[in-house]
Amino acid sequence: MAYLAAFAVVSVLALVGCGASANSSASPRPGDITIKPVSDASGRAEPDQPIHCAATHAKLTKVAVTRPNGSLVDGTLDTATGTWRPTHPLGLDARYTVTATATGSAGTSVTKRLNIETIDPSGTVTAQSITPATGAQVGDAQPVVVVFTKPVTDEAALQKALSVTDTHHVTGAWHWVTDRRVDYRPRTYWPLGDKITVTGDLDGVNAGKGLWATGDYTHTFTVDSDVHAVVDPGTQSMAVYRGSRLLRKLPISSGGAHYRTWGGYLVVLDKEAKIRMTSCSVGLSCTPGSPDYYDLPVLWDVHLTWTGTYIHDASWDNAAIGRVDNSHGCVHLSASDAKWFYTTVTPGDLVQVINPSKPVALDNGDGDWNLSWARWSTPDATR
């Protein structure tokens, strides 16, 4: 009996020693964090995708992404999903450090770091040109024109990386003219004195089909002219206005029967005091003596289309000016009128040619104003 009593005491003590008392608590499990960027087949991070941070036995509180120089990358963290997204895509073929912090159940802090490299793509695209040039002073019809080095398939992604702001807060919209060119124009013309800023945060944007964009840009320009001209081949005249005020009405000669001047709204691309014009350069005759051959030094040249339409001095054709349309598509003026118009007009000013039978294409110069606002502001309205 003594033996059984002793065994019972030992058994009770053992039970007490192995069990949890009412006043004890389980030891908290240690917290941990897993950092996982979205990667391509090479294991490198895709610069426009989020970074996922999963906290185990802890609550995620902070994620910071830094460059090798220690500067912080702008981004936002959704603590509910553990997703950090960059405000703008990360750079291509670049290194970053991801630091994630979480708080464990006992209030202890847990930190994990991961060095990542972004993809080094085989195909890239960048802005070949942005018009107008930064610092330019332009007319009120000037669109923003961005031309890329290669055709783009994910147009929405690149368009999202482009922005336009102006001091007068006018309404405007982007429109893809071709798969390499996207333009921005206001609903109506820019106000005089307006200052426009074009920003392109293109670096690291996925342009589609394995093509990635590179380069960041900022262009600013101001509007300092509201000269408009109306070319009327029917009356061999051109009326020139500043705002709504008629400045002058000039006699002209425009395109002949086989070479009608492009019709519609054209924007002055640039101007030069003197250029050499040749018929061969615009796809006409390259044979001297041919009726369509010419090779001339020409003064006071205002450029309207990429196919070679200008308003310029044609002193050799004075007998036809104001009487007969016989040019190869250009608008001819007398020497004095051409010089006056050249000094009056600014790149970005509007020239309307009344010729509905031969409408200018959107990409033959800056034909943006030939689309109504409803069509312009509708994505892919013309393609």
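Biologist: Which residues does Trp-373 touch, not counting residues up to four places away in sequence?

Modeller: In this predicted model, where local features need pLDDT of at least 70, side-chain atom pairs count only at pLDDT 80 or more, and totals for chains, interfaces and linings use all residues, Trp-373 touches Thr-171, Gly-172, Ala-173, Arg-185, Pro-186 and Arg-187, a contact being heavy atoms within 4.5 Å. Residues are numbered from 1 along each chain as its sequence is written, and side-chain values use heavy atoms, with hydrogens and water left out.

Biologist: What makes Trp-373 count as buried?

Modeller: Its relative accessible area is 17%, and buried means under 20%, exposed over 50% and partly exposed in between, with a 1.4 Å probe and protein chains only, so Trp-373 is buried. Trp-373 is found in helix α4, residues 373-376, where helices are DSSP runs of H or I with at least four residues and strands are runs of E with at least two, numbered from the N terminus.

Biologist: Why is Thr-346 called buried?

Modeller: Thr-346 has a relative accessible area of 16%, which falls under the 20% limit, and therefore the residue is classed as buried. Thr-346 lies in the loop between α3 (335-344) and β27 (350-353), and the residues that Thr-346 touches, not counting those up to four places away in sequence, include Gln-137, Asp-224 and Val-268.

Biologist: What makes a set of residues a nonpolar core, and which residues have the most contacts inside the largest one?

Modeller: A nonpolar core is a set of buried Ala, Val, Leu, Ile, Met, Phe, Trp, Tyr and Cys residues joined through side-chain atoms within 4.5 Å. The largest has 26 residues, and those with the most contacts inside it are Val-146, Phe-148, Leu-158, Trp-174 and Leu-202. Strand β11 gives the most to this core, with three residues. Leu-158 touches, among others, Phe-148, Trp-176 and Leu-202, while a second, separate core of 21 residues includes Met-238, Ile-252, Leu-304 and Val-331.
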